[in-house]
Amino acid sequence: MSERVKEVAVQEADRIKTLTTDAARSGAYLYPIRGMAYFLSHRALWKPLTAKLVPTLSLGLGVTTFMFVFTYLPQAAIMTFTQGPLAAVSAALLVLSESSTIFTMLSKTLLIEDALVDTFDGVLISKGTTDLVSSGRQIKAGNNPMAKLGKVIKSPLARFSPNALIRYFMYLPLNFIPVVGTIMFVILQGRRMGPSAHTRYFQLKGWNSAQKEKHIEENKAAYTSFGVAAALLELVPVASILFAFTNTVGAALWAADMEKGAVNEHGTSPHLREQAKKAE
């Protein structure tokens, strides 16, 4: 039995190593960075964010304050038994992660879902893939991509599902394992977050579940790479609202590359792959 356990453990470790290597080589983790640069350099994309800024910042501050007041000390006390002097820092990071997750889910569900859809569609229009966007919403005349967005034909991103929150709390105990556990937690979050970033793209393409699953499986490493980078950016409460928008921009830039066929065998832009090589 012990030999079988060892064999399974070795196989799982090899699988994770291969996935991590392929994820790094894909360069997809650079799309969230590109998203930040593109967002900052295109003022028209700021409108959906600025319209929701005050209520979302208030929500973020409220959630973070509540979590630190009521959950930091109990978690720090528990982590003292497993992490010793690192417990204070680890517990703070854990509370930040918890706060960010709760804040992101609440804000995306209650406040900014439609704004993220507008941002995604606006980037696609700015990258010359208007035909794709027109399958999901009306296109108007306008002097910038955001001004061209008309009435939504296909309903936006899926509403809140408790599944993501349940998975989050299932993975949460990993953080009690020093260093390695936190890394595993972020990777698992990234594996979920990567494909979800393209929910709107799959909707505009009109793909069914089988088509989506096939595409995600073929680009599993790239989606994990994107998801890990995006998850790390959205780890910071309050500021995560900005990164939710820049990650959406990055996802849209990636979708535009896919739509134009400007991707390599890794599912990403060849130019992005060259950047990833330089960083290795």
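1. Which residues are linked with Arg137 in a network of salt bridges? The network is made up of Asp118, Asp121, Arg137 and Arg200. Please keep in mind throughout that this is a predicted model. By the rule applied here, the count of salt bridges comes to 8.

2. The side chains of Asp118 and Arg137 meet at 2.9 Å, N to O. The side chains of Asp121 and Arg137 meet at 2.8 Å, N to O. Asp121 is again in helix α4, 16 residues from Arg137 in strand β1.

3. Are these side chains buried or exposed? Arg137 has 4% relative accessibility and therefore counts as buried, the cut-off being under 20%. Asp121 is buried too, with a relative accessible area of 0%. Asp118, at 23%, is partly exposed.

4. A further salt bridge joins Glu234 and Lys108 (3.7 Å, N to O). Glu234 sits in the loop between α10 and α11, Lys108 in helix α4, and 126 residues separate them. Glu234 counts as buried because its relative accessibility is 6%, where buried means under 20%. Lys108 is partly exposed, with a relative accessible area of 28%.

5. As for the overall layout, the chain has 12 helices and 2 strands. Along the sequence they follow the pattern α-α-α-α-α-β-β-α-α-α-α-α-α-α. Among contacts between residues at least 6 apart in sequence, 71% join residues at least 24 apart. Of the 280 residues, 42% count as buried.

6. The largest nonpolar core holds 47 residues, and Leu124, Phe245 and Trp254 touch the most other members. Helices that each supply at least two residues of this core include α2 (31-41), α3 (47-83), α4 (87-126) and α11 (240-259). The largest share, 12 residues, comes from α4. In soluble globular proteins, nonpolar side chains tend to be buried together.

7. Ala197 deserves a separate entry. This residue is placed in the loop between α7 (180-196) and α8, and is partly exposed at 24% relative accessible area. Leaving aside neighbours within four places in sequence, Ala197 is in contact with Phe120, Phe226 and Ala251. Ala197 and Tyr223 are 26 residues apart in sequence, with 8.9 Å between their C-alpha atoms.

8. On the surface, Leu53, Val54 and Leu57 form a nonpolar patch with about 230 Å² of accessible area together. Leu57, in helix α3, is partly exposed, with a relative accessible area of 31%. The accessible surface of the chain comes to about 14,300 Å², of which 65% belongs to carbon and sulfur atoms.

9. A last point concerns confidence. The mean pLDDT of the chain is 83, and 77% of its residues reach 70 or more. Among the elements, α2 has the highest mean pLDDT (96) and helix α12 (residues 270-279) the lowest (56). Where pLDDT is low, the predicted coordinates should not be read in detail.

How values were computed
Residues are numbered from 1 along each chain as its sequence is written. This is a predicted model: local features need pLDDT of at least 70, side-chain atom pairs count only at pLDDT 80 or more; totals for chains, interfaces and linings use all residues. Side-chain values use heavy atoms; hydrogens and water are left out. A nonpolar core is a set of buried Ala, Val, Leu, Ile, Met, Phe, Trp, Tyr and Cys residues joined through side-chain atoms within 4.5 Å. Buried means under 20% relative accessible area, exposed over 50%, partly exposed in between (1.4 Å probe, protein chains only). Helices (H or I, at least four residues) and strands (E, at least two) are DSSP runs, numbered from the N terminus. Contact means heavy atoms within 4.5 Å. Accessible areas come from the Shrake-Rupley method with a 1.4 Å probe; for residues, only the protein chains shown count as cover. Patches are made of residues with over 30% relative accessible area and no salt bridge: like charges are joined within 9 Å, nonpolar side chains (Val, Leu, Ile, Met, Phe, Trp, Tyr) within 5 Å. A salt bridge is a side-chain nitrogen of Lys or Arg within 4 Å of a carboxyl oxygen of Asp or Glu. pLDDT is the predictor's confidence in each residue, from 0 to 100.
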